[in-house]
Amino acid sequence: MNRRLLFLLPLATLALMAGFFAWSLLAGRDPASIGSVLVGRPAPRLDVKPLREGEPPLTDALLKTGKPVIVNFFASWCTPCLAEHPLFTRLAERDGAVIIGIAWKNKPDEARTWLKRLGDPYKFAGADLEGRAGLDWGLSGVPETYLIDGQGIVRRHFRGPITERDLNETILPFLKGAK
Amino acid sequence: MVAELGHFALILALAVALVQGTLPLLGAARGDIRLMDLGRTAALAQALLVIVAFGALTQAYVTSDFSVANVVANSHSAKPMLYKVSGVWGNHEGSMLLWALILALFGAAVAVFGASLPDTLRARVLAIQALIGVGFLAFLLFTSNPFERISPPPLDGNGLNPLLQDPGLAFHPPLLYLGYVGFSVTYAFGIAALLEGRVDAAWARWVRPWTLAAWCFLTLGIALGSWWAYYILGWGGFWFWDPVENASLMPWLAGTALLHSAIVVEKRDALKSWTVLLAILAFSLSLLGTFLVRSGVLTSVHAFAQDPARGMFILAFLLLVTGGGLALYAWRAPQLQGGGLFQPISREGALILNNLLLCTLAATVLLGTLYPLFLDLLTGNKVSVGPPFFNATFVPICAPLFAALCVGPYLSWKRAELWPALQRLRLAFIAAVVAAIVAATAIDSRATLAALAFGFGVWLIVGSLLEFGQRLVRTGFRLPPRSALGMTIAHAGLGVVVLGAVATSAWNTELIKTMKPGDTASFAGFNVKLDRIENLQGPNYIAERATLSLSIGGRPYTVMTPERRLFTVQRRQVAETSIHTNLLRDIYATLGEGEAQNGWVIRLYYNPLAPWIWLGAALCALGGFVSLSDRRLRIGAPSRTRAVAQPAE
């Protein structure tokens, strides 16, 4: 009888593994997301010099207006930023989203030229030349994008460029839902 | 029109596969020779129909028929012809069609070359093969139809994933699939044997060529994939323990174990149920790999075509094939009685050790690959299991495997003496020790483990050649059977892989430097000068190209031109590394981010013996093919030897 059980071992192992696989598929887990400690917490401090001359500096007040805002870190030297840029333009023009753009480790005049060339979707734009704000916000590189609700709580954190799918499935529902 | 023909051929193929998967089984159970013979005709018809379907999709790609949705999603009219063709299988639907094609071709091969198989065994093997085919064809037709039309057709397509636009990767999937799918024949033989309740020397001899062929293709496929990762990902490494790589390594390890245990069944009538289990596992692990890569349950640096809905289908299929096979195994295998008795120190003993270690390796890889998934589901913790885990577990298990590898061929069947075998390996041992000492003292005194591993590589090569040489002397320089020659080549090839892998990993040098045109740097004895950076326009990409000139002591040595390509249609960047090789070492250069003001990031690697990794893998596959050409192992051979032997009696 014991010998028989031994021959069942491979089948039992398979059943165990398959259970985990089915669980994983049904749970809709995203293995690529490494999570973010910021999600569910108040947004970090915002204290950045303005990118466009003659504008006031960016402060925490911009994040607690009762309306959702999108914070996007970018740089003119970053190619993925180029890829996601049209999506932000569309968000700003078509959907009227409030987007705060922060040029990270980027010379202000280069960032300004870049925005002039491609169009400027940012209602507020900051220049984080030394990358200090990037440290505050737990940035691992550019581009990264944060969705912040009206109370100033971070609801979503995208590392890397946002895609058409992110826009339709996450960002637009968020802008509609979060007040 | 052509696309509809392909679609229709695929539907017919499914119908034929259903017939092939049922009636011959019935025939084998009833002893009805007509029903059994139907399997052969059906296998050929099915292959023909899938060829038509595959041809139709290829035609759509080659002519850039943008009324087919699959072509729109994965091709572009500006793409070079090679990638239009390789685009056929560079996507989910097309690669599944390639699976189905190879599956049907293997089925047809069994029908054609299996003339000498007993009727019932052949009928059952073909039926099992067809049932697997039913799964894939249904998957294609119901969830991933490659012939779907789009209306109105767009002017141009979206293009192929730029990482896949590479000659190395154009041929990587077909080779890999030849390996994965080849194991389906082994699986079918295993299931058929369980149904018949008979595993004997003849069965082992019939199943061996199919295992060997699948193993050779899989070896080449893995090597090609690793080579591609080496030069396209631009990280200088050749193996990253990524889930996708592990997915191909597991069936390879199981297949290698199967190759060796089948010898014991053939020669000594022992290890029967174990060998059948390996036959089932090799294919199951291939399916598991496909599931892991395509379902998106694991993240990977190069996972394409991920979709949870498809994942469910593949999981169900995996459960059906593997679960069905293992259930049948649990039911029928206990009845398989082993024959030959043997001592622990014997050829059988050595092959069992080989099997234990190879299976431990496969289990280690499986555990390391799935652990992040288990942990995430159970505790919500995200971890990534990478090289540190595998270096600490996989590599030490290789040591006893390599140590025993050279000794095994010296041991006789049933009972052997260890000491005489070791004495005859004296020379290999001395060579290995000398190599390890030289490596430890002359190259890098801190890397003792690397020096030891280097010694193991030398031991494998010299030990294998020594055994072959002594065999030649013993037999008066008569050429030994091809299978023995193949074994020597494959074992020595493994040693070459080990030398390349150890030297590249342990003794490489690396330089990462931000350079502007005109800047110089010294690297591994070379003087490196960045001559210029220029912009290029490729057929479907724009690129920055650096020109680096290397010189030794003022004398020009070579010019390297790494590029960074931006594929405009997909907006994706791909590093095009520049590699200068002289077969003993690679100089490897990549161009990183940068602009005129601050300079560009240039990375240079000096990888000693790197080409040996792929050279060795090619030798392993060559050994397999040489062994495959052995007359005694050829599929038709048993009947011929019978025919020759009979008049003499």
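This is a predicted model: local features need pLDDT of at least 70, side-chain atom pairs count only at pLDDT 80 or more; totals for chains, interfaces and linings use all residues.
**Stop 1: chain B as a whole**

Select chain B and colour it by secondary structure. There are 19 helices and ten strands in this chain. The radius of gyration of chain B is 26 Å, close to the 26 Å that the globule rule gives for 649 residues, so chain B is as compact as a globular protein of that length.

Now look inside. Of the 649 residues of chain B, 52% count as buried. Take the contacts in chain B between residues at least 6 apart in sequence: 74% of them join residues at least 24 apart.

**Stop 2: where chain A touches chain B**

Show both chains. Here 23 residues of chain A are in contact with 29 residues of chain B. On the chain A side, the elements that give two or more residues are helix 1 (2-26) and helix 2 (79-93). Which of the elements gives the most? Select helix 1 of chain A, which gives 14 residues to this side.

**Stop 3**

Hide chain B and select the strands of chain A. Seven of them form an open sheet in the order 2-1-5-4-3-6-7, with mixed pairing. At the edges are strand 2 (58-59) and strand 7 (154-159) of chain A, each of which pairs on one side only.

Next, select strand 1 (residues 47-50) and strand 5 (residues 124-128) of chain A. They run antiparallel and are joined by two bridges. To see a bridge pair, pick A:K49, whose partner in strand 5 is A:A127.

**Stop 4: the hairpin and the helix across it**

Move to strand 6 (144-148) of chain A and strand 7 of chain A. These two strands pair in the antiparallel sense over five bridges. One pair to pick is A:L147 with its bridge partner in strand 7, A:R156. Strands 6 and 7 of chain A form a hairpin with five residues between them. In the turn, select A:G152, which has a positive phi of about 85°.

What does helix 5 lie across? It lies across strand 6 and strand 7 of chain A, running at about 155° to strand 7.

Key:
Residues are numbered from 1 along each chain as its sequence is written. Chains are lettered from A and ligands numbered from 1 in the order in which they are written. Two residues are in contact if their C-beta atoms, placed from the backbone, lie within 7 Å. Helices (H or I, at least four residues) and strands (E, at least two) are DSSP runs, numbered from the N terminus. The radius of gyration is taken over C-alpha atoms; the globule rule is 2.2 Å times the number of residues to the power 0.38. A residue is buried if 20 or more other C-beta atoms lie within 10 Å of its own, exposed if 12 or fewer, and partly exposed in between; C-beta atoms are placed from the backbone. Two strands pair if DSSP finds at least two bridges between them. Axes are lines fitted to C-alpha atoms, for helices over the stretch in contact, and angles run from 0 to 180 degrees between N-to-C directions.
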